[in-house]
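Dear colleague,

I am handing over the structure below, and my notes on what was found in it follow directly after. Please read them with the coordinates open beside you.

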Amino acid sequence: MIYFSKHALLKLRQRKISKNLVFATLRKPDYNGPSYGGRMAFFRKFGDLYFKVVCIKKGKVIIVVTQHWVRKIK
């Protein structure tokens, strides 16, 4: 199950990003790894940019915290 935090839903609207882009990144990331505070970061390349999804994984549940475009994977 994938859930979106209130913050993630707000940022989707503000950045005009579709949920399908988040789902595609979580399904087939080009890179994923640990992030701060025990979170996970998933990246998928689209053209010259990477789409980054930050989430918390609890068993089979994924809670999307935020998502945005980045130029490089840090």
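F23 is partly exposed in this predicted model, since its relative accessible area is 25%, and that value lies between the 20% under which a residue counts as buried and the 50% over which it counts as exposed.

Four aromatic pairs are present in the structure. Elsewhere, F46, F51 and W69 are joined into a cluster by ring pairs.

As for the chain as a whole, the protein has two helices and five strands, which follow the pattern β-α-α-β-β-β-β when read along the sequence. The radius of gyration is 11 Å, close to the 11 Å that the globule rule gives for 74 residues, so the chain is as compact as a globular protein of that length. Along the principal axes, the C-alpha atoms fill a box of roughly 30 × 25 × 20 Å.

Of the 74 residues, 38% count as buried, while the chain exposes about 5100 Å², of which carbon and sulfur atoms supply 54%. Among contacts between residues at least 6 apart in sequence, 36% join residues at least 24 apart.

Methods:
Residues numbered from 1 in each chain as written. Predicted model: local features only at pLDDT ≥ 70, side-chain atom pairs only at ≥ 80, totals over all residues. Heavy atoms only, no water. Helix = DSSP H or I, 4+ residues; strand = E, 2+ residues; numbered from the N terminus. Rg over C-alpha atoms; globule rule 2.2 N^0.38 Å. Buried < 20%, exposed > 50% of the residue type's maximum accessible area, 1.4 Å probe, protein only. Contact = heavy atoms within 4.5 Å. Areas by Shrake-Rupley, 256 points an atom, 1.4 Å probe, with all protein chains shown as cover. Phe/Tyr/Trp six-rings, centres within 6.5 Å; stacked < 30°, edge-to-face > 60°.
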